[in-house]
Amino acid sequence: MKLKSIFPISALFLSQIYFAQKTETEETGSKEKQIEAVTITKTKKAVEQKADRTIFDFSEQPNLNSGTLMEGLKKLPGLVSTDIAGMMYQGKFLEVYMDGRPLNISSNELTAFLEGMPANSVERIEIVTQPGAEFPATSGGAILNIITSKNAKSYLSATYSGSYAFTNYEKARHKTVNSLNLNARNKYFGWQINFGQNYRESSQWSEIAGLSKTYTDRTGRGYFANAAMTFDLGKDRLLLNYEFNKNNNDNVVESNGFDFDNINNIIIPVISEDFGKTLINRNDATITYQKRFDDKNKKLDFQLNYNNYNTDYAQNSFVNPSNNTANASNQNVYSFKVDFSQPLKILDEGKISIGGLYEKLNFDTDNRIITNLDYERQTSSMYAELQAKLKKFDFILGARAENYDINGMTRVLKDDIVTEEKLTPFNQFRIFPNASVQYNFMQSVFFSFNYNKKISLPNISFLNPNNTVFNNQNINYGGNPYLQPTIFDNFEVKISAFDYAFISYSISYSDNNIAQQVGRKDLLVTNTNVNIPTMRIHSFNAGLPVPFMIFTKSFSEMMKFDFNPDKINFLYLYTSYQRHEIPDLNNKGFWVFGSSAQIILPKEIKLTANYRHITKGNYFYFDAIKPFNQSFDINLTKKFMNDRLTVSLYADDIFNQNKNYFNSVPPNDLSPVLLSSKNDTRKFGISFNYKIPTKNKLAKVNPNLIKNNSTSDSSGGIITP
């Protein structure tokens, strides 16, 4: 088979996948009309491309849901996650949401949170690359929305999920995950409880410019519980949701560095052993009232939410007491929002959505005996968005008006004297427009152009002046309480075919973008966040599935083949090119290459293999001098007991390639440093998912319970043709 045949065969493969799924859906609907007391199970799409978002299914993808959520996210094509610069998707910083609500955490705290959450507790991941007016303008460049929703069922159903994995570098380390999901419904109300825990041992080896070497031995313990109740009040519905997450993490850090002996006026080597402990608690409670009308497309939702997030961090050293640290933070967020939508007679068809949000955030940090940061943010907003369809065109035009009132103060204890300074206030009223045009060549094949203006407020983790990671005589981590908000203008063009194939280009213009910057002065390396006055991020992305049969069968044979995406051997190819254009820096772009293969073995065993590779290039204020985030992972999955039991064997980073080597680009008054790190990423494990038999053999699927607060419809804001 010639190489030039790959593209038309891939197009055929995509269309067959789409129509096979469409036929399955139609047949399912027909059967449900005839047989009302039978549970119908339909395979979910692994990937769905919408005009404004990409949706990744986790619930039925063992290669993604075998370990922690953080491990699953790193396997998503197009997502770049590094310790030094956080998470980006197709060149855009990600604001992380859970069930439609922002987590309001980032950096190391976000990493610890995602590592403490089992991936098998997640239904799907939505990455919204073009947030519309219904999303807060503070969503910045893009949104990663973690959907933990499960379908509640009549009577009672239960599902248990678990996994075990180990690494073996200088010693064996173990990881376990356990979770249980219970659903029930009676004629008065429905309820759901999803709870679990994980235990994880890990290690990291890092070096900074030959100045400091550290070896970190970590033990993490995570616990979570999500509960929901729903009450049907005629056509209306009342939903009550509560979420709880807890992390209890211990670190033992052995470090080698240097210090200056003031008495003898010489540099001396220093060896230290430090013990760190981090406690994280998150509580989230939501009340939602959904008003429904005779017209099912007309909706009115009221939602009240309270969120608390607090941390405690302590570092103790028996060798070098000057490293001892103790600090804490506490965040409270209160919000109330209203969303209304109804059909509108405009062009062929249309819809109008309006709503408002009030949110208040209080954040304070403590360093030993003083409260060294008081931060308060109030946001009031209203939005309106119009959607319309004309023949093969879909249009969206919207705007969001937001008013910000941000103030606070920071305090520093020096020589037993407390110095207090006010933070730079931010009191502004701004309007953020968005627009989208989509042309549908046919169903699920479209070209779209999107624009939106957004703002990204400094995350509280970046504002925290305390060191919440690790420090010694050579390393100092700290936040920057004087950071200013970032303004984005985002443009994107995209062609998508049947969800799996796409090509896109986006450019993001930003003012005061926030980035991490590392530099050295004498024997001290400082690490903080700064505002970049202006910059542009270019991103080109493409994905294409290739069936393996193109190498073994003729075109005429393939035309007769009955395509079933679950029974086909194929390779999915992904590539991305990103360039971070910063004034006065000659930044080079970098390529991201990824591939995922599905091979059906005898006995209906499914083999999934993933490979990712990021080339050298500039990543904001860092220069990757070697390829990074390389990994080759495999997963073998088999279903038993009439599909009630799913067992997977997996191996991650088989060739132990996942290493990082970066040169920093520091401020003018500091010197660059070489940063290198290696985690124990090579891992082997087993996972299983068991649907516990219950007496409710006539169970029927009812609507979701655990909340998903996104107001967009399933087409991602574009009316389905």
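This is a predicted model: local features need pLDDT of at least 70, side-chain atom pairs count only at pLDDT 80 or more; totals for chains, interfaces and linings use all residues.
Visitor: Which strand gives the largest share of the nonpolar patch?
Guide: A nonpolar surface patch of about 970 Å² includes Leu347, Val437, Phe441, Met442 and Phe447 among its residues. Two or more residues of the patch come from each of the strands S22 (426–442), S23 (445–456), S25 (486–497) and S26 (501–521). The largest share, 3 residues, belongs to S22.

Visitor: Is Phe447 buried or partly exposed?
Guide: Phe447 lies in strand S23. A residue counts as buried under 20% relative accessible area and as exposed over 50%. Because the relative accessible area of Phe447 is 33%, this residue is partly exposed.

Visitor: Which side chain makes a polar contact with the side chain of Tyr574?
Guide: Tyr574 is found in strand S28, which covers residues 570–581, and its relative accessibility of 5% makes it buried. Its C-alpha atom is separated by 9.8 Å from that of Ile503, 71 residues apart along the chain. The polar contact, at 3.0 Å, is with the side chain of Asn541.

Visitor: What is the angle between the planes of the aromatic pair formed by Tyr451 and Phe491?
Guide: The count of aromatic pairs comes to 22. In one of them, the rings of Tyr451 and Phe491 are 4.8 Å apart centre to centre, and the pair is tilted. Tyr451 belongs to strand S23 and Phe491 to strand S25, 40 residues apart, and the pair links these distant parts of the chain. The angle between the planes is 40°.

Visitor: Why is the pair of Trp591 and Phe593 given its class, and what is that class?
Guide: Trp591 is partly exposed, with a relative accessible area of 34%, and Phe593 is partly exposed as well, at 37%. Their ring centres are 5.8 Å apart. Planes under 30 degrees apart meet the cut-off for one class; the planes here are at 10°, so the pair is stacked.

Visitor: What is the distance, N to O, in the salt bridge of Asp489 and Lys453?
Guide: Side chains of opposite charge can pair when their charged atoms come close. Asp489 lies in strand S25 and Lys453 in strand S23, 36 residues apart, so that the pair links distant parts of the chain. Asp489 counts as buried, at 19% relative accessibility. The N to O distance is 3.2 Å.

Visitor: How many residues apart in sequence are the parts tied together by Asp633 and Arg612?
Guide: The side chains of these two residues meet in a salt bridge of 3.2 Å, N to O. Both Asp633 and Arg612 are buried. Because Asp633 lies in strand S33 (residues 628–640) and Arg612 in strand S30 (residues 605–614), the pair ties together parts whose separation in sequence is 21 residues.

Visitor: Which strands hold Lys683 and Asp652?
Guide: The side chains of Lys683 and Asp652 meet in a salt bridge of 3.6 Å, N to O. Lys683 is buried at 3% relative accessible area, and Asp652 counts as buried at 6%. The pair ties together parts 31 residues apart in sequence, since Lys683 and Asp652 lie, respectively, in strands S37 and S34.

Technical notes: Residues are numbered from 1 along each chain as its sequence is written. Side-chain values use heavy atoms; hydrogens and water are left out. Patches are made of residues with over 30% relative accessible area and no salt bridge: like charges are joined within 9 Å, nonpolar side chains (Val, Leu, Ile, Met, Phe, Trp, Tyr) within 5 Å. Accessible areas come from the Shrake-Rupley method with a 1.4 Å probe; for residues, only the protein chains shown count as cover. A salt bridge is a side-chain nitrogen of Lys or Arg within 4 Å of a carboxyl oxygen of Asp or Glu. Helices (H or I, at least four residues) and strands (E, at least two) are DSSP runs, numbered from the N terminus. Buried means under 20% relative accessible area, exposed over 50%, partly exposed in between (1.4 Å probe, protein chains only). A polar contact is a pair of N or O atoms within 3.5 Å; within protein, one must be able to donate a hydrogen and the other to accept it, and residues adjacent in sequence count only if both atoms are side-chain atoms. Rings of Phe, Tyr and Trp (its six-membered ring) pair if their centres lie within 6.5 Å; planes under 30 degrees apart count as stacked, over 60 as edge-to-face and the rest as tilted.
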